[in-house]
Amino acid sequence: WESSRLGSGAVAMLQCVSAVSDRFSSLSGTQSYQFLMLGLEGAGKTTFLYKLKINGYKKADVQADMVYLKEVKQDPGYHFEELSSPTIGQYSIWEVPGNDVMRPLWPMFYRYLHIHGVFFVVDAFSPTCFDLDQENFRKLSKARDALFHLLHEDELRVSVFFLVLNVNRSTEDAAKKEEEEQEENALFEMLGVPEIEQMVHMKTRFRKVVLNCANISRKDSNWENILKDFRKMQVQIQSQIGS
């Protein structure tokens, strides 16, 4: 069938099948770590990925380029980039959209690829993200449900998870900082973090982090510390499996 005769969900599925199949073939036998970057639409995942990939890439430029690629129908939706780190060596990140069409396709990536870690990104930067309204509660509930589902997927049972609050901190004022931290802790609670941290089997594979994903780079110490934590957690998981 021609793509014009298919629904958006079917087209997305065909693209994902092709992408995963191609990468599975090219990556088989390599030692590169594979990460999934997931989260609801508008969480800042694409900006996060390309800030890591391209040094000095500005958030506005990332957004403008993604809009252009969609307009000319050259954006497959998902994005894949290969990177390297002095901490863990070669690694790759799959960033997959979180809209209603693509969310059902998330399992296609972790069922056909060995995923070592998941970055689940949540919007904590939008001006209205802390408003106590029905729309925000609905969005947070949807993010919480998606996170809990992923944490209990059989294919991801030995994968490391990072819940990333994507913030927009722009002040060093102590009072403002304290207020921001209270808001962030409230979001973590609404996302079910206290419950997750009480689960014995999550202690070695789940961490929560706060990052300004629009102001990050691959050489940033915060990013390298996350990768160091990932490596330590993976070693712990592997030792538990072997014991």
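Mentor: Let's begin with Lys142, which is partly exposed at 27% relative accessibility. Here buried means under 20% relative accessible area, exposed over 50%, and partly exposed in between (1.4 Å probe, protein chains only). Keep in mind that this is a predicted model: local features need pLDDT of at least 70, side-chain atom pairs count only at pLDDT 80 or more, and totals for chains, interfaces and linings use all residues. Residues are numbered from 1 along each chain as its sequence is written, and side-chain values use heavy atoms, with hydrogens and water left out.

Trainee: OK, which residue does Lys142 form a salt bridge with?
Mentor: Asp100, with the closest N and O atoms 3.9 Å apart. Lys142 sits in helix α5 and Asp100 in the loop between β3 (89-95) and α4 (106-112), so the pair links distant parts of the chain, 42 residues apart. A salt bridge here is a side-chain nitrogen of Lys or Arg within 4 Å of a carboxyl oxygen of Asp or Glu. Helices (H or I, at least four residues) and strands (E, at least two) are DSSP runs, numbered from the N terminus.

Trainee: And is Asp100 buried or exposed?
Mentor: Exposed, at 56% relative accessibility. Asp100 also forms a salt bridge with Arg103, at 2.8 Å between the closest N and O atoms, and Asp100, Arg103 and Lys142 are linked in a network.

Trainee: How many salt bridges are there by that rule?
Mentor: The count comes to 10. One of them joins Glu155 to Arg111, 3.3 Å apart at the closest N and O atoms. Glu155 is in the loop between α5 and β5 (160-167) and Arg111 is in helix α4, so this pair ties together parts 44 residues apart in sequence.

Trainee: Switching topic: what about the whole fold, how many helices and strands?
Mentor: Eight helices and six strands. Of the 243 residues, 45% count as buried.

Trainee: Which residues lie nearest its centre?
Mentor: Leu40, Val122, Asp123, Lys139 and Leu140, out of 13 lining residues. β4 (117-124) and α5 (134-151) are the elements that give two or more residues to that lining.

Terms used. On a 1 Å grid over the protein atoms alone, a cavity is a set of points where a 1.4 Å probe fits but cannot get out, and a pocket is an open set with protein on both sides within 12 Å along at least five of seven lines; lining residues have an atom within 4 Å of a point.
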